[in-house]
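Biologist: Please show me the model, and then let us go through the terms used to describe it. I would like each label set against its cut-off.

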Amino acid sequence: MKSTKEERRESRHKLPCPHCGKTVLDHMTQCPYCGGALKPRGYNPPDEKKMKTIKIVSWVVGFIVAVGIILIVSLNK
């Protein structure tokens, strides 16, 4: 059995589907009952360009760290 605190927390994340009216959670992108598209509340999918930039920066930083480790290991021999 859920406490009233848990019930209140859970009820904040429930809203009606604009297509069928059944209760769905606010993070869902598709209604599990009617299949209608939902816009998640409080969630904005990352921008494609921003994700590409993050990926490139991550690879560059990883490469620099790997080269640094290789240099440190080879100089300590």
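Modeller: Buried means under 20% relative accessible area, exposed means over 50%, and partly exposed is in between, with a 1.4 Å probe and protein chains only. This is a predicted model, in which local features need pLDDT of at least 70 and side-chain atom pairs count only at pLDDT 80 or more, while totals for chains, interfaces and linings use all residues. Residues are numbered from 1 along each chain as its sequence is written, and side-chain values use heavy atoms, with hydrogens and water left out.

Biologist: Why does Val-60 count as partly exposed?

Modeller: The relative accessibility of Val-60 is 44%. Val-60 is placed in helix α2, residues 48-75; helices are DSSP runs of H or I with at least four residues, strands are runs of E with at least two, and both are numbered from the N terminus.

Biologist: What makes Lys-55 exposed?

Modeller: Lys-55 has 56% relative accessibility, so it counts as exposed. Lys-55 is also found in helix α2.

Biologist: Which residues make the nonpolar surface patch?

Modeller: The patch consists of Ile-56, Val-60, Phe-63, Ile-64, Val-67, Leu-71 and Leu-75, and covers about 700 Å². Patch residues have over 30% relative accessible area and no salt bridge; nonpolar side chains (Val, Leu, Ile, Met, Phe, Trp, Tyr) are joined within 5 Å, like charges within 9 Å. A salt bridge is a side-chain nitrogen of Lys or Arg within 4 Å of a carboxyl oxygen of Asp or Glu.

Biologist: How do you know that Cys-31 is too far from Cys-34 for a bond?

Modeller: A disulfide is a pair of cysteine sulfur atoms within 2.5 Å. The cysteine sulfur closest to that of Cys-31 belongs to Cys-34 and is 3.7 Å away, so the pair is too far apart for a bond. Cys-34 is in no disulfide, and the structure holds zero disulfides. Cys-31 is buried because its relative accessibility is 3%; Cys-34, at 38%, is partly exposed.

Biologist: Why is Asp-26 called buried?

Modeller: Asp-26 has 12% relative accessibility and therefore counts as buried. Asp-26 lies in the loop between β2 (23-25) and α2. Beyond its neighbours within four places in sequence, Asp-26 is in contact (heavy atoms within 4.5 Å) with Arg-12, His-13, Leu-15, Pro-40 and Arg-41.

Biologist: What makes Leu-25 partly exposed?

Modeller: Leu-25 has a relative accessible area of 30%, so it is partly exposed. Leu-25 is in strand β2 and touches His-13 and Lys-14, leaving out residues up to four places away in sequence. Leu-25 and Val-65 are 40 residues apart along the chain, and their C-alpha atoms are separated by 42 Å.

Biologist: Why is the protein said to be more spread out than a compact globule?

Modeller: The protein has two helices and two strands, in the order α-β-β-α. Its radius of gyration is 23 Å, well over the 11 Å that the globule rule gives for 77 residues, so the protein is more spread out than a compact globule. The radius is taken over C-alpha atoms, and the rule is 2.2 Å times the number of residues to the power 0.38. Along the principal axes, the C-alpha atoms fill a box of roughly 70 × 35 × 15 Å. Buried residues make up 9% of the 77 residues.

Methods:
Accessible areas come from the Shrake-Rupley method with a 1.4 Å probe; for residues, only the protein chains shown count as cover.
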